[in-house]
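Dear colleague,

I am passing on to you a structure that you have not worked with before, and you will find it just below.

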Amino acid sequence: MLEDGSIGRAAVPSGASTGVHEAVELRDGDAARFHGKGVRRAVEAVNGPLAEAVVGLAGEDQALLDETMIALDGTPNKGKLGANAILGVSLYRYVGGAGARLLPVPMMNIINGGAHANNALDFQEFMIAPIGAENFFDAVRIGSEIFHTLRATLADAGHSTGVGDEGGFAPALSTADEALQFIVGAIEQSGYTPGEDVTVVLDPATSEFFRDGVYDYAGEGVKRSVEEHIAYLADLVGRYPIASIEDAMAEDDITGWEEVTRVLGSKIQLTGDDVFVTNVERLRAGIRDGYANSILVKVNQIGSLTETLTTVDAAHKAGYTVVMSHRSGETEDTTIADLAVATGCGQIKTGSLSRSDRTAKYNQLIRIEEELGSQAMYAGRAAATVRGRAGWRWPGSEVVTPCLSPRRTAGGQAGWGMIDMEWPAR
């Protein structure tokens, strides 16, 4: 609450699949309450030391607010007060400025596996991205049509159409091939062209099944070495319209990250989640050593808005793409929708076309698009322009001509820059 009576409200999400390098989400650890998952300690931190520290500060000085709270915590991972406490105080300021008008391509989770579902799929998320839509509303419509077509085809095949943590279906499948065949079929049956109108995005969440130096595909009953795992991903990219893979390698398999970037980095978007955890220093290590070409941004991974924006800016300056993201344990808060437009990142990952905690973000983006009117721009195929690769494409597509890409200008606002490259079809 500000002294002029203005009130803001924020809700901080949680994650089921979390990286070991993330900021600490402070829980009570009292097994007698909420199975140890209570947040009284975080609430006490907000109402006690954090409130005392920020009362009297200027509400519009976001950097000072965050610096004050980070200094008060005094730990590198916010383990004293908890990132879930600090972020709740940090979240509610509009940051986009007059230049914010780019609506992101949504990555829509339509099949769940891994830690997000009770099935044998080793990969955690299978998503679609409606890159050929005319605007954001049209993208949501296309995604919804494919989602419900998929529901019908899964039901016809005798599968359950119950949903996982992020609203995607959780059928009893055991291989990525099975899931991808259903998805490509649903795209085609909905009247769209895979790889042109709609591309596929994967999140294997490989840190969850990387053990003793190998990738243990328990659902398939196969163990793959680092080299075999990369070859398997490359094979999938060659056979399906996959434009982006998140967490292609485990968080601490840096040698694997360097190799997968060498093999696939000029073909698709390789997004780092667990390996970067929205931490600018970890991102700079990736930029320096040449692994990944994109970063997933989760505000609660780092714990403050200022640190998040610093990371986004570093990614833009290095030519890495940015994907604004939700968490598996989401809330009805729609802040990430505003942040996706405010930062001009051009991509958002916020779950499926079911569950109100997911659809709330889509609805907010539709409202933003309506409010912007003729000034609104949909990122579309230009969203995933990265170093060495022009725009959204997959290995079976034709020449991709130079395209406009959202990036940060010297003034800090989202702008447009020409990528002067052209890549021939292979």
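**Helix pairs**

Helix α8 passes helix α10 in a right-handed crossing, where right-handed means that the near helix is turned clockwise from the far one by less than a right angle, and left-handed that it is turned anticlockwise. Before going further, please keep in mind that this is a predicted model, in which local features need pLDDT of at least 70 and side-chain atom pairs count only at pLDDT 80 or more, while totals for chains, interfaces and linings use all residues. Residues are numbered from 1 along each chain as its sequence is written, and side-chain values use heavy atoms, with hydrogens and water left out.

To return to the pair, helix α8 covers residues 280–289 and helix α10 residues 305–318, and they pack at an angle of about 15 degrees with their axes 9 Å apart. Axes here are lines fitted to C-alpha atoms, for helices over the stretch in contact, and angles run from 0 to 180 degrees between N-to-C directions. The two helices, α8 and α10, are therefore roughly parallel to each other, since angles under 35 degrees count as roughly parallel, over 145 as roughly antiparallel, 65 to 115 as roughly perpendicular and the rest as oblique. On the α8 side the contact is made by V280, L283 and I287, and on the α10 side by T310, T311, A314, A315 and A318, contact meaning heavy atoms within 4.5 Å. Sorted by class, the contact of α8 with α10 has 6 nonpolar, 2 polar and no charged residues; Ala, Val, Leu, Ile, Met, Phe, Trp, Tyr, Cys and Pro count as nonpolar, Asp, Glu, Lys and Arg as charged, and the others, Gly among them, as polar.

In a second pair, the axes of helix α5 (residues 176–189) and helix α6 (residues 226–239) come within 12 Å and cross at roughly 20 degrees, which makes α5 roughly parallel to α6. The crossing of α5 past α6 is right-handed. Here A176, D177 and L180 in α5 meet Y232, L236 and R239 in α6, and the residues of this contact divide into 4 nonpolar, no polar and 2 charged.

**The chain as a whole**

The chain has 12 helices and 15 strands, which are DSSP runs numbered from the N terminus (helices H or I, at least four residues; strands E, at least two). Of its 426 residues, 55% are buried, where buried means under 20% relative accessible area, exposed over 50%, and partly exposed in between, computed with a 1.4 Å probe on protein chains only. Among the contacts with a separation of 6 or more, 69% are between residues 24 or more positions apart.

**Buried places**

Helix α11 (residues 335–342) is largely enclosed by the rest of the structure, because 7 of its 8 residues are buried. Those buried residues are T335, I336, A337, L339, A340, V341 and A342, and α11 is followed by G344, whose phi is positive, near 60 degrees.

In helix α4 lies A139, which counts as buried at 0% relative accessibility. Leaving aside its neighbours within four places in sequence, A139 is in contact with P106, M108, P130, A133 and Y378. G168, in the loop between α4 (136–156) and α5, is also buried, with a relative accessible area of 0%. With neighbours within four places again left aside, the contacts of G168 include N109, I110, V163 and S352.

L102, in strand β1 (residues 102–103), is buried at 4%, and its C-alpha atom is separated by 6.2 Å from that of A376, 274 residues apart along the chain. E125, in strand β3 (residues 125–129), is buried at 2%, and its side chain makes a polar contact with the side chain of K349 (3.1 Å).A polar contact is a pair of N or O atoms within 3.5 Å; within protein, one must be able to donate a hydrogen and the other to accept it, and residues adjacent in sequence count only if both atoms are side-chain atoms.

Most residues other than glycine have a negative phi. T278, however, has a positive phi of about 55 degrees although it is not a glycine; T278 sits in the loop between β9 (269–272) and α8, and it counts as buried at 0% relative accessibility. R355 likewise is not a glycine and has a positive phi of about 75 degrees. The place of R355 is the loop between β12 (347–351) and α12 (356–372), and at 39% relative accessibility R355 counts as partly exposed.

With kind regards
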